[in-house]
Amino acid sequence: LKVETARADAAEVASEEAKIEKVRAMAEATAANSAAELTHDLVARVRAEETALRAKAAEAAEAELKAAVDATKAEAEQKAAQLNAALEAVKAEAMEALEAVKAAEAKAAAAEAKAELE
């Protein structure tokens, strides 16, 4: 009877050990799956953040480039205005010189005509 009881107890212990082993294996598998899911989620979040940062960097670079283009354009417009003003001044001087030449020519022609009459 004692041997039978010992055998039954041993069988029960073996059964419990098998159950414990099965639960432990399931816990390990669950932990591995959870770790894999967490890693996957983390990688996805890191990639999303990287994409967002790249987009922000591209926007900043584009804004910087636009500001540089606008500054260059404003500088070019200012220089063009200065050149136009200088050109107008030269034109005005040329017109004055032309008028002075015409007046001198008219004076000379008048003097010549007067000399011929005398």
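1. Glu75 counts as partly exposed, at 44% relative accessibility (buried means under 20% relative accessible area, exposed over 50% and partly exposed in between, with a 1.4 Å probe and protein chains only). The model is predicted, with local features needing pLDDT of at least 70 and side-chain atom pairs counting only at pLDDT 80 or more, while totals for chains, interfaces and linings use all residues. Residues are numbered from 1 along each chain as its sequence is written, and side-chain values use heavy atoms, with hydrogens and water left out.

2. The secondary structure of the chain consists of one helix and zero strands (helices, H or I of at least four residues, and strands, E of at least two, are DSSP runs numbered from the N terminus). Helix H1 covers residues 2-117.

3. The overall form of the chain follows. Its radius of gyration is 50 Å, well over the 13 Å that the globule rule gives for 118 residues, so the chain is more spread out than a compact globule. The radius is taken over C-alpha atoms, and the rule is 2.2 Å times the number of residues to the power 0.38. Along the principal axes, the C-alpha atoms fill a box of roughly 175 × 10 × 5 Å.

4. Two pairs of residues give distances within the chain. Val3 and Ala52 are 49 residues apart in sequence, and their C-alpha atoms are 72 Å apart in space. Val3 belongs to helix H1 and is exposed, at 52% relative accessibility. For Ala106 and Met95, a separation of 11 residues in sequence goes with 16 Å in space, C-alpha to C-alpha. Ala106 also lies in helix H1 and is partly exposed, with a relative accessible area of 48%.

5. How much of the chain counts as buried? Of the 118 residues, 0% do. The chain exposes about 10,500 Å², of which carbon and sulfur atoms supply 63%; accessible areas come from the Shrake-Rupley method with a 1.4 Å probe, and for residues only the protein chains shown count as cover.

6. How many salt bridges are counted? The count comes to seven salt bridges, each defined as a side-chain nitrogen of Lys or Arg within 4 Å of a carboxyl oxygen of Asp or Glu. Glu21, Arg24 and Glu28 are linked in a network of such bridges.

7. The side chains of Lys66 and Asp70 form a salt bridge, at 3.0 Å from N to O. Both residues lie in helix H1, four residues apart, about one turn of the helix. Lys66 is exposed, with a relative accessible area of 52%, whereas Asp70 is partly exposed at 39%.

8. About one helical turn separates Lys79 and Glu75, because they are four residues apart in helix H1. Lys79 is partly exposed, at 47% relative accessibility.

9. A further salt bridge joins Lys91 and Glu88, with 3.7 Å between the closest N and O atoms. These two residues of helix H1 are three residues apart, again about one turn of the helix. Lys91 is partly exposed, with a relative accessible area of 47%, and Glu88 is partly exposed at 45% relative accessibility.
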